[in-house]
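My entries follow in the order I looked things up.

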Amino acid sequence: MTEKIKIRGRQVLDGVVQISGAKNAALPLLAASLLSPETLQLTNVPPLVDVQTMLALLGEMGVKFRVQPTSDYAMSIELQADAVECFIAPYDIVKKMRASILVLGPLLSRFGECCVSLPGGCAIGVRPVDLHLRGMEALGVNISLKDGYISAKAPRGLRGADFNFPSATVTGTENMIMAAVLASGTTVLRNAAKEPEIEDLANCLNQMGADISGHGSSTIEIRGVTGLRAAKHDVLPDRIEAGTYALAAGITNGAVDLIGGDFRRLLPTFLDKITEAGLWVSDVDGGIRVESSGKISAIQVETQPFPGYPTDLQAQMMAMLCMADGESDICETIWENRFLHVAELTRMGADIGVSGAHAHIRGVRHLLGAPVFATDLRASFSLVLAALAADGESILDRVYHLDRGYCAVKKKLAGCGVTVERFR
Ligand code: EPZ
């Protein structure tokens, strides 16, 4: 029996949300512990299911770790990979979380071999890893695919290379950085992804003794070193969580202070777009304030790699635009199947037409509460947003999707005067 959330409609979100560490920064940082036999201490780690999954994977390989909750919203984790004997990432873990592929680079870098299950597809698309593998081959890795597993070996160790990504890939860039930090010689990555989570990983690796420059730009240079040392690193705040709660304020005609990060730097295009949609954005101590102006204007949105509009905030924006005055258009350029939330929003009375990569949204005056189910992580929160604004009660099923990427949701909403009820 999966857990559900009951949500009474027409609630107004008004308060302060402490933003947690970023899931998409924490996952590569956890994998980076494989690169050194010395202790890596991570603080501001979000207590998420995906973090537990990555810890389970690292634990199976022999990484020792100690988890210390520091609040409802954060943990401190000490990891040590001085006794790793197993270089296998098994299918039963990888199928739950595609980001498991992030052990590929560090295992090859430190141990010269690994066997990682192919991630397989997921709700939002086929999600291949061909660019990861092409990059590893450029560094001198022999790759073979057998029984759904990537068998990778670097008999003569990894050597630096000049590699041009055919298209931007976030975890592909992260895997290549982690593979190159202990390679012999210098690696140049061109057309690298520029997401802040990549910068956060590179900053942590440099604290461990790596020699990386250009991170955050599309050309990253990594000069190989012979070994990495102990380090302590604070996980970057979660820009996607922050954007999600900003849209919650917008759709419920409320206001929210988002505390814990430099969100103007982390969400440049997103803040421009919600301003265009009629929300007011101002600075407060430790973050920003987002307020509804009482009206949601229709806009055009196109998802793009950073610093463009984040694909991970596409579903949540769509929920808010369902209540806009006029007709909006969302173009999803990153994932080929990331409109699964459209069917569920339509069941709540939204008026959305999908044609290829475009979703055309005609604003309605009211959404109607209904039983709906989550299809993927970010879609799950778009349904929470719609349910908060709808007339009547909604029941959201398959809440496990939400728990993969959002922590302490009930508590954070309650801090803004919104009540939701979890039940089985
Ligand atoms: C990261 O996924 C994020 N996950 C995703 O967030 C996010 O949606 C995505 O980047 C885009 O920003 C983590 O960081 C753990 P990509 P990733 O490689 O790295 C294609 C969430 O909700 N591609 O940048 O897997 C791919 O199919 C998650 O938190 C290849 O074709 O995404 C996609 O169309 C969802 N071959 C595009 O590139 C490859 O080898 C971008 O993928 C790799 C990717």
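How far is an oxygen atom of the ligand from a polar backbone atom of Ile334? I read 2.6 Å for that pair. I note at once that this is a predicted model.

**Ligand surroundings**

I listed the residues around the ligand and got 21. Those that come nearest are Arg98, Leu131, Thr171, Asp312 and Ile334. I then checked two side chains. Trp335 has a side-chain N or O atom 3.1 Å from an oxygen atom of the ligand. For Arg338, a polar side-chain atom lies 3.3 Å from a ligand oxygen.

**Domains**

Domain 1 is made of two segments, 4-19 and 237-423. Domain 2 covers 23-222. I find 30 Å between the C-alpha centres of the two domains.

I turned to the contacts between them. On the domain 1 side 26 residues take part, and on the domain 2 side 22. The buried area comes to about 2,000 Å². Carbon and sulfur atoms give 57% of that area. Which residues of domain 1 lose the most area to domain 2? They are Phe306, Trp335 and Arg404, together 30% of what that side buries.

**Charged and polar pairs across the interface**

I searched the interface of domain 1 and domain 2 for salt bridges and found four. I also counted polar contacts across this interface, and six residue pairs qualify. I asked which elements give two or more residues to the side of domain 1 that touches domain 2. The list is helix 9 (263-266), helix 13 (377-389), helix 14 (400-405) and helix 15 (409-414). Helix 14 gives the most, with three residues. By class, I sorted that side of domain 1 into 10 nonpolar, four polar and 12 charged residues.

**Individual salt bridges**

Over the whole structure my search returns 24 salt bridges. I looked at two pairs. Asp50 and Arg404 meet through their side chains, with 2.7 Å from N to O. This pair links distant parts of the chain: Asp50 sits in helix 2 (residues 49-61) and Arg404 in helix 14, 354 residues apart. Arg404 is also one of the residues of domain 1 that lose the most area to domain 2. The other pair is Asp72 with Lys411, whose closest N and O atoms are 3.1 Å apart.

**Backbone checks**

Is the peptide bond from Phe306 to Pro307 cis or trans? I find it cis, with omega near 10°. Pro307 is in the loop between strand 18 (300-302) and helix 11 (314-321).

My last stop was Asn191. Its phi is near 60°, a positive value in a residue other than glycine. I placed Asn191 in the loop between strand 11 (186-190) and helix 7 (196-207).

Technical notes:
Residues numbered from 1 in each chain as written. Predicted model: local features only at pLDDT ≥ 70, side-chain atom pairs only at ≥ 80, totals over all residues. Heavy atoms only, no water. Domains from an automatic or database assignment. Contact = heavy atoms within 4.5 Å. Buried area = accessible area lost by both parts, 1.4 Å probe. Polar contact = N/O pair within 3.5 Å; in protein donor to acceptor, adjacent residues only side chain to side chain. Helix = DSSP H or I, 4+ residues; strand = E, 2+ residues; numbered from the N terminus. Nonpolar A, V, L, I, M, F, W, Y, C, P; charged D, E, K, R; others polar. Near = heavy atom within 4 Å.
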